[in-house]
Amino acid sequence: MKIRDIKTYVLEARLDEPFAYSQAWYETRGACLVEIVGDDGNSGWGEAFGPARLTAPIVEYYKSLLVGEDALAIERHWQTLYNRLRIMARRGWRSRRCRRSTSRCGI
């Protein structure tokens with residue numbers, strides 16, 4: 001089965017009573033649900049971890065990398081998606097010159 005489409009659904013609900021923890025106060029709760037639709041019409045659901053309005057665009061970015069691929073190749077997809085943003089996530093953006101020769105950048 002191939003992946004035909006990936007859809008995101010951002011859900012938000014205002015809380016009757018705000019709450020806080022060490023990082024921030026919250027007046028709403030949210031979730032980003034992800035639906036993966038196969039070429040046979042079946043779909044699977046999951047939740048993207050993190051702030052809903054921030055994770056939805058990331059899922060949309062990944063969509064072009066997954067549509068048309070085998071829906072059951074989960075490990076391969078995880079590795080591909082992880083490695084796609086790994087360079088930027090670990091040490092920030094590096095110049096093209098640094099990417100060619102890491103010894104020049106002290107990495």
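Which residues do ring pairs link into a cluster? The legends below take up this point and others in a predicted model.

**View 1. Ring pairs link Phe19, Tyr21 and Tyr26 into a cluster.** The structure holds five aromatic pairs.

**View 2. Strands E1 and E2 pair in the antiparallel sense.** E1 covers residues 3-20. E2 covers residues 25-38. The pairing runs over 13 bridges. A hairpin of four residues takes the chain from E1 to E2. Ile6 has Ile36 of E2 opposite.

**View 3. Trp45 sits in strand E3, residues 43-48.** Is Trp45 buried or exposed? Its relative accessible area is 54%, so Trp45 is exposed, the cut-off being over 50%. Trp45 still has contacts beyond its neighbours within four places in sequence: Tyr9, Leu33, Val34 and Glu35. Take Val34: eleven residues separate Val34 and Trp45 in sequence, yet their C-alpha atoms are 5.6 Å apart.

**View 4. Helix H1 spans residues 52-66.** H1 has 15 residues. From first C-alpha to last, H1 reaches 20 Å. That is close to the 21 Å expected at 1.5 Å a residue. Which residues of H1 are buried? They are Ala52, Thr55, Ala56, Val59, Tyr62 and Leu66. In an α-helix there are 3.6 residues a turn, so residues three or four places apart point the same way. Just after H1 comes Gly68, with a positive phi of about 95°.

View 5. Two values describe a pair of aromatic rings: the distance of the centres and the angle of the planes. Why are Trp78 and Tyr82 separated by about one helical turn? Because they are four residues apart in helix H2. Trp78 is partly exposed, at 49% relative accessible area. Tyr82 is also partly exposed, at 36% relative accessibility.

**View 6. His77 is placed in helix H2, residues 74-91.** Its relative accessibility is 11%, so His77 counts as buried, the cut-off being under 20%. Which residues is His77 in contact with, leaving aside its neighbours within four places in sequence? They are Ile3, Leu66, Glu69 and Asp70. Leu66 is also one of the buried residues of H1.

Key: Residues are numbered from 1 along each chain as its sequence is written. This is a predicted model: local features need pLDDT of at least 70, side-chain atom pairs count only at pLDDT 80 or more; totals for chains, interfaces and linings use all residues. Side-chain values use heavy atoms; hydrogens and water are left out. Two strands pair if DSSP finds at least two bridges between them. Helices (H or I, at least four residues) and strands (E, at least two) are DSSP runs, numbered from the N terminus. The expected span of a helix is 1.5 Å times one less than its number of residues. Buried means under 20% relative accessible area, exposed over 50%, partly exposed in between (1.4 Å probe, protein chains only). Contact means heavy atoms within 4.5 Å. Rings of Phe, Tyr and Trp (its six-membered ring) pair if their centres lie within 6.5 Å; planes under 30 degrees apart count as stacked, over 60 as edge-to-face and the rest as tilted.
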